Amino acid sequence: MTDLIAVPARKPARPQFSSGPCAKPPGYSPEKLATESLGRSHRAKIGKTRLAYAIDLMREVLQLPDTHRIGIVPGSDTGAFEMAMWTMLGARGVTTVAWESFGEGWVTDAAKQLKLDPTVIRADYGQLPDLTQIDFGTDVLFTWNGTTSGVRVPNADFIPADREGLTFADATSAVFAYDIDWSKIDVATFSWQKVLGGEGGHGVLILGPRAVERLETYTPAWPLPKVFRLVSKGKLAEGVFKGETINTPSMLAVEDAIFALEWAKGLGGLEGLQARSDANAAALSKIVAERDWLGHLAIDEATRSKTSVCLTVEGADADFIKKFAALLEKQDAAYDVAGYRDAPAGLRIWCGATVDTQDIEDLGPWLDWAYATVKAA
């Protein structure tokens with residue numbers, strides 16, 4: 001049946017459109033990584049130096065103020081966010097804001113694991129909840145950019161400067177892609193595997209001064225596993241935020257992240273990364289606008305993700321999308337573009353900075369081909 005439909009002549013040069021782990025930076029190859037730290041202790045001078053360098057690069061590229069600390073922790077973004085929840089929640093009431101799968105995960109952990117009886121503010125996939133409902137007298141957990149729904153907060157204006165509770169932002173698909181007002185964020189987490197195209201397994205924990213104060217003045221009622229412990233003798237374990245990791249990191253993953261961060265710095269830093277992501281999202285939006293069978297899951301452009309862009313496909317169910325994505329993968333035209341398993345049936349195209357805009361543009365005809373092919377079958 002595929003022979004009846006013309007196959008596009010040009011393929012994306014790099015068909016990696018996965019929303020995590022994401023495409024490597026252009027020009028990447030393992031041979032380009034520094035290897036002097038491999039096979040060495042992460043506590044040796046070279047290991048500590050490279051870990052500290054990775055932290056310094058993250059601070060520089062993110063334009064993070066000196067008021068905030070950066071630590072490399074285990075367990076990817078999930079591990080970093082869990083660490084924050086288990087070490088700081090329980091001191092006051094909790095509000096969880098959820099509009100996609102990972103936000104719902106934090107609801108489950110707060111309610112069923114920590115048994116905190118949180119106030120839950122929800123919205124369906126494709127929509128953003130009413131942020132004016134949030135009581136900032138409580139600790140507030142939210143996802144800056146919903147990776148599985150393609151919906152983001154437009155900015156941090158909804159967070160008051162004089163809040164009493166802490167703000168916890170799962171920012172894994174947001175950092176390096178948007179302007180973040182760090183004065184409004186007490187805790188942020190992410191992983192290298194998203195916007196930087198790094199390897200998985202390592203999380204990044206960012207703490208503002210109010211979060212540090214909470215850690216040093218509050219002891220949770222539940223026991224903490226070793227990999228979550230950020231306080232020693234009532235004081236913050238400062239070494240964690242200087243490259244002295246709690247557990248043994250993969251120095252290969254660290255070198256991989258350093259490569260991406262140096263690449264980002266070479267683009268002009270945060271502004272360069274944002275420009276690439278913006279261009280990619282605009283190219284995909286043009287593709288959507290030109291096709292009546294494609295749509296955005298996130299209707300409101302002001303809250304539409306520029307990184308994990310989720311699309312609707314007219315008349316498609318999960319089986320249709322499975323066949324659609326499999327066709328593209330078989331042709332090496334696009335990998336991993338099916339929507340998240342818990343999301344409505346559709347496509348998800350990563351438009352972060354490590355993707356080339358030309359590849360997004362070249363994807364359009366292949367989407368047409370796959371759609372026509374599955375429909376004809």
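Trainee: Where is Pro21 found?
Mentor: First, the ground rules: this is a predicted model, in which local features need pLDDT of at least 70 and side-chain atom pairs count only at pLDDT 80 or more, while totals for chains, interfaces and linings use all residues. Residues are numbered from 1 along each chain as its sequence is written, and side-chain values use heavy atoms, with hydrogens and water left out. Helices (H or I, at least four residues) and strands (E, at least two) are DSSP runs numbered from the N terminus. On that numbering, Pro21 sits in the segment before α1 (45-62).

Trainee: Is the peptide bond from Gly20 to Pro21 cis or trans?
Mentor: Most peptide bonds are trans, so a departure is worth a look. Going from Gly20 to Pro21, omega is near -10°, and that bond is cis.

Trainee: What phi does Gln63 have?
Mentor: Most residues other than glycine have a negative phi. Although Gln63 is not a glycine, its phi is positive, at about 60°.

Trainee: And Lys233, what is its relative accessibility?
Mentor: Lys233 is also a non-glycine with a positive phi, of about 55°. Look for Lys233 in the loop between β10 (231-232) and β11. It counts as exposed because its relative accessibility is 87%.

Trainee: Which helix gives the most to the lining of the largest pocket?
Mentor: Here a pocket is an open set of points on a 1 Å grid over the protein atoms alone, where a 1.4 Å probe fits and protein lies on both sides within 12 Å along at least five of seven lines; lining residues have an atom within 4 Å of a point. The largest one has a volume of about 320 Å³ (the space filled by probe spheres set on points joined across faces, edges and corners). Of its 23 lining residues, the closest to the centre are Ser19, Gly20, Phe102, Lys194 and Arg348. With 3 residues (within 76-88), the top contributor is helix α2.

Trainee: How many nonpolar residues does the lining of the second largest pocket have?
Mentor: That pocket holds about 160 Å³ of space, and among its 13 lining residues Leu215, Tyr218, Thr219, Pro220 and Val231 are the closest to the centre. Helix α4 (residues 209-217) gives the most, with 3 residues. Ala, Val, Leu, Ile, Met, Phe, Trp, Tyr, Cys and Pro count as nonpolar, Asp, Glu, Lys and Arg as charged, and the others, Gly among them, as polar. By class, the lining has 4 polar, 2 charged and, for the nonpolar ones, 7.

Trainee: How many residues apart in sequence are the parts that Arg69 and Glu238 tie together?
Mentor: The structure holds 18 salt bridges (a side-chain nitrogen of Lys or Arg within 4 Å of a carboxyl oxygen of Asp or Glu). In this one, the closest N and O atoms of Arg69 and Glu238 are 2.9 Å apart. Arg69 lies in strand β1 (residues 69-74) and Glu238 in the loop between β11 (235-236) and α5 (251-266), so the separation is 169 residues.

Trainee: Are Arg163 and Asp186 buried or exposed?
Mentor: The two form a salt bridge with closest N and O atoms 3.1 Å apart. Arg163 comes from the loop between β6 (151-152) and β7 (167-170), and Asp186 from the loop between β7 and β8 (187-191), 23 residues apart. Both Arg163 and Asp186 are buried.

Trainee: Which residues do salt bridges that share partners join into one network with Glu290?
Mentor: Glu290 pairs with Arg291, at 3.6 Å between the closest N and O atoms. Arg291 counts as buried at 13% relative accessibility, whereas Glu290 is exposed at 51%. Along with Glu290, the network takes in Lys286, Arg291 and Asp368.

Conventions
Buried means under 20% relative accessible area, exposed over 50%, partly exposed in between (1.4 Å probe, protein chains only).
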